[in-house]
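Here is my note on the model. Please read the points beside the structure.

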Amino acid sequence: MATEQSDSGQDGRSIRRRWEPRIERLRRGWDRYTEHKIGVVGLIILIIYALWSIAPGVFAPHSPDWVAYLGEPPIKSRLTGEQIRSLPHPPAFGDPFFAPFGTNSLGNGVLTLVIYSAQNAMYIGLAAGMLSSLVGVPLGLISGFYGDTWIDEAIQRFVDIMYGLPFLPFLIVLVAIRGITTTNIIIGIAVTSWLNNCITVRGETLSLKERSYVESAKVAGASDTRIIFRHIMPNVLPISFVFLAQDAAGAVIAQASLAYLGLADFTANSWGLMLENIKSTGYVFKAWWWLIPPGIALMLMAASFYFIGFSMEDVTNPQR
Amino acid sequence: MTRISGKYLAKRIVVSYLTLLVIMSLLFVLLRSMPGSFITSMISSGMTAEQIERIRETWGLNEPLWKQYVQFMINYQTGNFGRSPTYNAQVWDLIVRRMPRTLVLFGSTFIIGFIIGPLVGMYLGWWRGSTKDKSIFSTSLLLYSMPSFWISWLFIWVINYELDWLPSAYMFTQFPEFEWTAFTVMRDVLYHIALPVMSLTFIGWVGSMLIMRPTMNQVTDEGYVFLARAKGLSERTVMVKHAARNALIPVATGAVVSLAFLIDGSVIIENVFNWPGMGQIIVSAVLNRDFPVAQAVFFMLALLIVVMRLLTDVVYTYLDPRIKFGEGE
Amino acid sequence: MDRAEDREPLVEIDGLQKLFDQSQGVVDTILGRDPQPVRAVDGVSLDIYQGDIVGIAGESGCGKTTLGKMLVKLHDPTEGSIRFDGEDITDMTREAEREFRKRVQMIFQDPFESLNPRMTVYDTVAEPLKINDMIESYDERRDRVTEVLEDVGLGPAEVYLDAFPDELSGGERQRVAIARALVVDPDFIVCDEPVSMLDVSIRAGVLNLMKELQSEYDLTYLFISHDLSLIRYMCDRAGIMYLGNMVEQGPTDDIIDDPKHPYTEALFDAVPDVELGEERRRANATGEVPSPRNPPSGCRYHPRCAHIIPPDDWTGSQDAFRRAYQFKLKVRRGDISPESVDSGDIETAEALVEHGLTLDVPEEYRTETEVATGGHRVDLSAVDLPTDTRRVLTEAAEAVLAGDADRAVSTLDDALTTSCAERQPEPQPSGTREVACHRYDDGGADGLDGSGAGLSAAPAED
Amino acid sequence: MTLLEVNDLSIRYAVDDGSSVHATDDVSFSVERGETYGLVGESGCGKTTLAKSLVHLLDDNGYVENGNVWFDGTLPQWSDEQGDATQSVIDDPDKPVRADGKTDLAALTNAQIRDIRWRDIAIIPQSAMNALNPVYKVGDQIVEAILRHEPETTADEAHERARDLLERVGIEPDRADDYAHQFSGGMKQRAVIAMAMACSPDLLIADEPTTALDVIIQDRILEELEKLQEEFGVSILVISHDISVMAEICDRMAVMYGGKVMESGPKDEIFGETANPYTLGLKNSFPTITSADQDLVSIPGTPPTLRDPDDGCRFRDRCPFAIEECHASHPPMYDVEAAESLGRSEEGTDERAHRSACYRIDELEQLRTDAIEESTWTEQRIESR
């Protein structure tokens with residue numbers, strides 16, 4: 001490590017020289033990624049959602065507190081009985097108000113809610129995906145590197161037990177214990193979703209550690225940590241990114257399922273909550289403009305994660 | 001001719017049993033760390049302290065937790081699942097009634113899903129990279145991204161609500177006008193199960209397809225596929241008999257993963273379609289802190305998973321003659 | 001042996017053994033099954049002198065790679081010792097091991113696998129320097145790497161420094177691997193099939209480079225290869241391994257021109273050659289290499305050996321004994337069953353004996369009947385069997401026909417014994433080399449041509 | 001009699017960016033009935049591609065650009081009882097059958113070539129060790145081939161024949177009921193050979209038949225191939241990078257480099273009177289076990305990539321003898337006999353004779369003398385870098 005520091009003390013020229021080939025490599029990887037149309041589509045969708053999350057106000061026609069007929073807060077008047085009876089209102093373009101996807105039973109714009117909910121889904125997807133990678137990848141690495149020892153055995157038994165638990169009901173228990181908040185939902189999802197990650201990384205590690213470049217590093221005197229971090233992990237990470245994307249997709253869907261079962265964080269706008277609301281108010285088959293958009297939004301977000309994941313899998317596949 | 005020795009099977013059963021014990025212990029602790037208790041719902045404002053105390057005693061809640069745990073584990077060994085406070089019935093009876101219904105729903109989706117999935121995976125893997133592969137693959141990923149309850153709603157909306165072809169709830173006709181014979185019952189169940197199974201398999205098959213497609217693509221490079229072609233066999237024979245047969249092997253192992261997906265799906269589907277199985281009661285049992293019922297349902301689902309995994313081993317040895325579990329033969 | 005006086009060996013290997021037993025997996029652990037270890041290397045002794053190129057040859061699974069890996073401490077020996085420059089490497093302090101790592105390097109077989117695909121050539125070659133804290137500053141390190149790359153023929157080095165392995169050809173990759181081994185200025189390099197993955201026209205360049213570097217860097221090589229012509233081209237001394245044992249070792253030219261061990265003989269006979277063309281004699285060995293999990297008793301090679309030693313009181317020919325012994329092995333393996341012969345006009349037990357006495361060898365070593373029937377049957381009159389042995393064989397054949405294989409085996413076990421199966425031969429000095437074969441037990445007087453059927457006395461030619 | 005006549009066969013692989021890899025370029029050679037013909041060359045020289053293309057087994061992106069593969073044999077529905085093409089088929093201009101009854105395999109459809117595969121031309125693939133399907137019994141896999149091409153055979157007969165075939169290559173017939181993983185490496189190879197002979201083909205293509213095998217087993221397999229040839233009279237097209245294996249089993253051979261045939265002819269002449277710089281270089285770099293003192297010399301540089309190559313000689317960048325002409329176009333096949341005896345460059349028309357693609361064929365003696373010198377090759381290196 002001491003030598004690493006003395007390196008950085010030198011002029012930037014050498015550092016740039018050392019990174020140049022890697023940047024070039026990334027660029028080539030990107031070229032290969034863009035060969036996959038679905039990967040590009042997924043990325044575009046995700047970028048749109050990211051923009052929605054960062055600045056929903058720019059894209060949404062109203063604020064989430066906007067109410068049909070009455071407009072933006074502060075709201076001074078109340079809805080008339082006739083107006084209430086017209087809710088949920090189908091799409092309207094200016095007459096009597098502007099709500100391209102109609103409104104829900106409370107008079108909030110569906111499109112607005114859909115856009116404002118992107119943030120929550122994005123957060124849940126990325127956080128749960130990363131969390132499950134953070135648990136799964138190191139455990140898989142350790143398990144694989146110390147394959148056939150008690151460490152590996154212990155981790156694998158634990159994974160076996162976790163596989164014996166039905167995920168969704170288990171998730172319900174976890175969320176119920178800690179209270180229904182977005183953070184707890186994320187933790188719950190991560191706790192149940194790291195298994196595949198761990199198993200795949202373990203398998204990959206097992207095969208990588210038999211490669212002769214790992215043996216070559218051992219002959220050169222490299223320590224276990226150096227071998228794991230310098231030689232095995234960089235070759236495992238691409239696969240774990242694939243899993244991150246897949247776990248993110250799974251998390252977005254799991255959140256919606258929890259919401260359907262009544263375990264939604266009612267303080268945050270989310271697509272799952274919108275669908276829960278349509279169910280609890282009984283408009284499932286009466287207000288298609290309210291039923292379809294959140295479902296599609298959800299589907300597209302999960303799909304964009306899958307699209308990115310599977311395209312990356314192809315790029316990282318050493319056979320190609 | 002299976003190549004699993006009795007000794008191996010015995011060991012596997014012991015390991016599975018231990019796994020179940022750990023799962024049950026884990027759940028015992030987790031369930032009881034949920035805030036609140038089911039007796040809150042039994043206690044009305046007018047009750048005296050003694051009355052409340054009596055209720056607590058009947059349900060064994062006064063014992064220290066470790067004693068409850070020991071008692072609970074002993075009960076489970078003897079098949080005593082306890083009594084449900086919310087349903088006010090023996091849990092065992094509840095399970096016996098509901099388990100088969102879940103199995104019917106789950107089993108049929110599992111079977112259909114595992115026929116369609118590998119089949120589609122076979123074609124996509126064989127023609128990997130073609131326009132057809134790309135479009136079908138991305139479509140199936142879209143399906144896979146749908147929340148199961150939402151797609152069920154769409155199905156109900158179109159097929160039941162708009163077209164009124166199939167019923168959208170329950171397992172039997174509520175007030176039947178026909179006579180109850182084995183045939184009519186079966187027909188009635190089929191009539192009711194169609195929509196839930198359709199909804200779940202609509203997305204459920206994708207899981208096994210996702211495993212089959214890449215493995216199928218891998219085996220196309222194998223020497224035996226080349227040789228099969230060189231022998232003059234038709235492309236179809238090469239694909240089905242030589243390639244797909246080998247690509248199926250990893251799918252059997254992957255079945256465990258899709259299993260979890262399907263169980264999750266069944267829980268949701270049972271709730272959407274008012275299917276009177278176990279998935280329907282597990283959610284309410286957890287939310288109502290009905291521990292005996294929750295424990296029992298968890299136990300049965302875990303048992304289902306464990307049994308399915310044992311079955312996978314059997315299927316595995318059947319598919320791959322190289323695998324031998326234990327000193328068989 | 002004559003060389004030991006003037007020089008100290010750099011590497012002394014004594015009674016080295018390596019068993020792999022953990023490869024049976026979780027299932028067996030659950031089952032509590034006794035692991036049956038793979039005896040990868042079993043009792044190998046070898047001295048390597050400073051400045052030599054020592055070749056290790058043998059078929060796949062003979063343990064040559066495991067031996068090489070033990071020398072660089074990739075595997076720890078189960079038993080025996082390795083001394084490097086006088087120091088036991090199996091029991092080293094951390095400090096001593098650091099020093100050892102700088103002096104001993106390895107070049108691996110597959111240049112497509114031995115370079116980390118995510119490291120540039122510079123990173124790969126410089127890694128041993130970094131790990132061993134050998135050169136502190138980046139610029140100096142880069143200079144050193146450049147120097148070594150140019151030494152291995154990758155000049156100008158600037159072109160290669162920032163390249164990733166997948167941009168290089170096989171030959172270039174292997175040169176990078178050599179540079180990585182050389183960068184710490186080692187004394188001893190283990191080369192595991194360094195050119196087997198390279199194209200013929202590239203190979204010679206890499207081999208010649210290794211020879212050049214040897215004098216330039218004052219190196220000692222252990223050169224592992226299955227290709228005997230490469231061993232001949234590269235090595236001063238050679239060792240031949242079979243199923244974990246060293247069967248013969250000595251000066252390369254001596255071994256190749258006049259192989260003493262029957263296995264060595266077969267191995268060299270089997271190598272096709274441009275000069276010899278079709279005139280070549282084929283290898284006289286039966287069957288294939290058995291599993292190292294359960295190797296044969298005594299001399300590991302005896303079940304395949306053309307020169308298996310009959311008991312002292314054997315009155316028939318050596319060839320007849322070999323055939324009878326093969327009969328016994330076939331019965332033991334269950335390769336002989338009543339279905340092996342068509343029940344035709346001759347008595348079935350006799351037909352079974354005639355079938356069992358055939359040898360699975362190239363045609364030039366077969367009898368006329370064997371050649372005519374495609375190795376299905378041998379004419380009993382052409383085999384010089386003692387009468388009582390013949391009776392025993394018939395008895396055993398009858399037992400097989402009666403479905404009592406156990407009785408057949410025990411009948412044969414009693415009647416056909418050989419010292420080859422009873423004792424493991426110790427390496428014996430014989431001329432300039434050491435041979436582990438019972439034929440040389442008495443100081444090598446016997447030899448392959450000494451008794452009865454010599455190496456050229458094939459029955460078909462008689 | 002000529003069994004196979006390959007004329008100007010060019011095979012391309014399409015690459016994503018629109019260019020194409022010229023795997024083989026205008027390759028011509030012919031195989032006589034009952035002979036062993038060798039294609040020798042280093043990896044990427046096009047030898048395997050060439051062999052696969054004969055029976056349309058190229059990868060998806062590979063295609064035949066031009067050329068014919070005339071094969072003495074035809075589809076079952078086009079042949080009479082002797083297996084020769086019927087006159088009406090020969091006369092039919094839509095059918096790729098010429099007057100002497102030979103069929104152009106390159107012109108057959110995929111469905112048609114399937115009837116030729118294995119029945120007329122069997123192939124032992126490069127990875128013969130992995131060529132047996134792990135999930136089916138070895139015997140059943142042989143039976144499958146028999147039933148495919150001889151549907152009138154009963155299953156029992158086919159099984160009987162499979163066991164016979166196994167025995168013929170030295171495997172106990174009982175092992176027909178075993179799976180591939182129960183076979184040793186040598187036995188798998190033998191089983192594939194047995195399978196190849198199942199329909200008594202006229203031509204057997206053996207792609208690196210011994211590469212993955214240990215030397216003693218290799219020795220036995222080579223013997224096995226020789227025996228089969230004697231027994232069945234089958235012609236064998238062997239593909240290998242191993243010159244010494246070729247020297248032992250071939251009657252005639254072609255040396256390939258960069259998708260072109262550099263030298264072809266009877267084996268003894270190629271080894272004895274080598275007439276091409278590439279072959280000379282190859283011989284220089286190949287160690288033999290018989291000679292104690294030899295100096296191996298490698299050919300400098302690396303093989304060309306073959307992606308849209310220019311017109312020049314494929315070997316010129318690595319060739320120490322390259323001259324101006326070599327850059328302009330790839331040399332035609334010159335007759336070596338004529339060059340040696342008359343000192344003249346004369347294009348060779350007889351595919352069976354010794355021919356070499358080199359413009360300096362008229363200075364043959366000089367080339368041979370220079371090629372032995374190590375300095376000839378090493379000084380070239382500086383130039384090519």
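1. Start with a helix pair in chain B. Helix α5 (residues 91-126) of chain B packs against helix α12 (residues 291-319) of chain B at an angle of about 40 degrees, with the axes 10 Å apart. That angle makes α5(B) oblique to α12(B); under 35 degrees counts as roughly parallel, over 145 as roughly antiparallel, 65 to 115 as roughly perpendicular and the rest as oblique. Helices here are DSSP runs (H or I, at least four residues). Axes are lines fitted to C-alpha atoms over the stretch in contact, and angles run from 0 to 180 degrees between N-to-C directions.

2. Which residues meet in this pair? B:Val91, B:Leu94, B:Ile95 and B:Met99 in α5(B) meet B:Pro292, B:Val293, B:Ala296 and B:Met300 in α12(B). Contact requires C-beta atoms, placed from the backbone, within 7 Å. The contact residues of α5(B) with α12(B) divide into eight nonpolar, no polar and no charged.

3. Turn to chain A. Its residues 38-59 and 236-263 are among the spans that UniProt (unreviewed entry) lists as "transmembrane region". Such annotations may be inferred rather than shown by experiment. Residues 38-59 of chain A are 95% helix and 0% strand, with end C-alpha atoms 25 Å apart. For residues 236-263 of chain A, the values are 89% helix, 0% strand and 35 Å.

4. A word on the basis. This is a predicted model: local features need pLDDT of at least 70, side-chain atom pairs count only at pLDDT 80 or more, and totals for chains, interfaces and linings use all residues. Residues are numbered from 1 along each chain as its sequence is written, while chains are lettered from A and ligands numbered from 1 in the order written.

Technical notes. Helix = DSSP H or I, 4+ residues; strand = E, 2+ residues; numbered from the N terminus. Contact = placed C-beta atoms within 7 Å. Nonpolar A, V, L, I, M, F, W, Y, C, P; charged D, E, K, R; others polar.
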